[in-house]
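Dear colleague,

I am passing on to you the structure that follows, together with notes on what was found in it. Please keep it open beside this message as you read.

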Amino acid sequence: MSTRKIFLSFGCSHTAGSEIDGRGDSDYNRQHSYGAKLAEKFGYDEHLNFAQCGGCNQRIFVLTTQVINEIIHNENTLIPYSDAEYFFLIGWTSLNRFELRYSDDNKYVYTQCGAAGDNIDPKVIPTCIGMEPQLIHERDLQRTAEHIPYITNPMIMADYLASYVFSVQQLCKAHNIKYYMFNSIENFCKTDGMHSNRLNTEEMLYRPGNLNIYKHIDRSCYYHPESYELNYYRWCTNVKGHSNRSNKYWHLGEEAHQDWADHIYPEIVNAYPDLG
């Protein structure tokens, strides 16, 4: 009996295929996203879309490592099979996002479609710059959301992202899990540089940052990690001429998802010739 081959997608609303059918989130969108199209091109038996609409890189990292943990230990809470061959497609998102959480003593929840379903905390609220605070029902959390630009300082979030990327890479390589990463939107910010000595403001000290990590990132499995233009959204709009499905959000249609799948397909084959 042949081993089941399951293709897993992780990311934000772009990876979830938001607005392909006009709705923000739906099972239809997820199964017509670039992840689903790549799963079909590679002949995988099933595509599971774990992307979180509005999700931040922290959430992408948490979900990815939770699934890796299940694969390593032959468990199946988030994934359906403990004896399958899995491929991870990971679309990292923008830096200015984080998470809030509703209190346990109220009725409020935040639910989404997707493979994670009821197995993730429904109290967690994806939050990002541009989000209307009124979408959050708790007043204290609304006030917190108003300070997103300060909470998500790009220098801090860029350091976090580098650590997430490196950790997922090393876990996948250590456990022979095929993976491929890209950026769904630009997110690179250099954090290395000269900074004032806090005890002597005239003295400048070098602070190592994310460049020391990025130099150890396997470029064959991560599509142009430091590029502003070579990500899903910019490539599809600037090179292929796709436009937003609505005036409110930066989501593209199914044709863009097909173009992106076609575009990175040979890159994945280059990383894993046995898949071609």
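In the classes used below, Ala, Val, Leu, Ile, Met, Phe, Trp, Tyr, Cys and Pro count as nonpolar, Asp, Glu, Lys and Arg count as charged, and the others, with Gly among them, count as polar. With those classes, the lining of the second largest pocket divides into six nonpolar, five polar and four charged residues. Please bear in mind throughout that this is a predicted model.

Pockets and cavity

The second largest pocket has a volume of about 210 Å³, and of the 15 residues that line it, Gln-52, Tyr-110, Ile-120, Asp-121 and Pro-122 are the closest to its centre.

The largest pocket holds about 970 Å³ of space. Its lining is made of 32 residues, and those that lie nearest the centre are Ser-13, Gly-54, Arg-97, Cys-128 and Tyr-249. Two elements, helix H1 (13-16) and strand E5 (124-128), each give two or more residues to this lining, and E5 gives the most, with three residues. By class, the residues that line the largest pocket are 14 nonpolar, 12 polar and six charged.

The structure also holds one cavity of 30 Å³ or more, and the volume of the largest cavity is about 40 Å³. Around the largest cavity stand Phe-10, Gly-11, Phe-50, Ala-51, Gln-52, Gly-55, Cys-56, Arg-59, Ile-60 and Leu-63; the largest share of this lining, three residues, comes from helix H4 (residues 57-72). In terms of class, the lining of the largest cavity has six nonpolar, three polar and one charged residues.

A pair of helices

Helix H9 (residues 232-239) packs against helix H10 (residues 254-271) at an angle of about 110 degrees, and the two axes are 10 Å apart. Because angles of 65 to 115 degrees count as roughly perpendicular, H9 and H10 are roughly perpendicular to each other. On the side of H9 the contact is made by Tyr-232, Trp-235 and Cys-236, and on the side of H10 by Ala-256, His-257, Asp-259, Trp-260 and His-263. This contact has five nonpolar, two polar and one charged residues.

Helix H3 and Glu-40

Six of the eight residues of H3 are buried, so this helix is largely enclosed by the rest of the structure. The buried residues in H3 are Tyr-34, Gly-35, Ala-36, Lys-37, Leu-38 and Ala-39. Glu-40 is also found in H3, which covers residues 34-41, but Glu-40 counts as exposed, at 66% relative accessibility. Although Glu-40 and Arg-245 are 205 residues apart along the chain, their C-alpha atoms are separated by 24 Å. H3 is followed by Gly-43, which has a positive phi, near 75 degrees.

With a relative accessible area of 39%, His-224 is partly exposed.

With kind regards

Technical notes. Residues are numbered from 1 along each chain as its sequence is written. This is a predicted model: local features need pLDDT of at least 70, side-chain atom pairs count only at pLDDT 80 or more; totals for chains, interfaces and linings use all residues. Side-chain values use heavy atoms; hydrogens and water are left out. On a 1 Å grid over the protein atoms alone, a cavity is a set of points where a 1.4 Å probe fits but cannot get out, and a pocket is an open set with protein on both sides within 12 Å along at least five of seven lines; lining residues have an atom within 4 Å of a point. Grid points are joined across faces, edges and corners, and a volume is the space filled by probe spheres set on the points. Helices (H or I, at least four residues) and strands (E, at least two) are DSSP runs, numbered from the N terminus. Axes are lines fitted to C-alpha atoms, for helices over the stretch in contact, and angles run from 0 to 180 degrees between N-to-C directions. Angles under 35 degrees count as roughly parallel, over 145 as roughly antiparallel, 65 to 115 as roughly perpendicular and the rest as oblique. Contact means heavy atoms within 4.5 Å. Buried means under 20% relative accessible area, exposed over 50%, partly exposed in between (1.4 Å probe, protein chains only).
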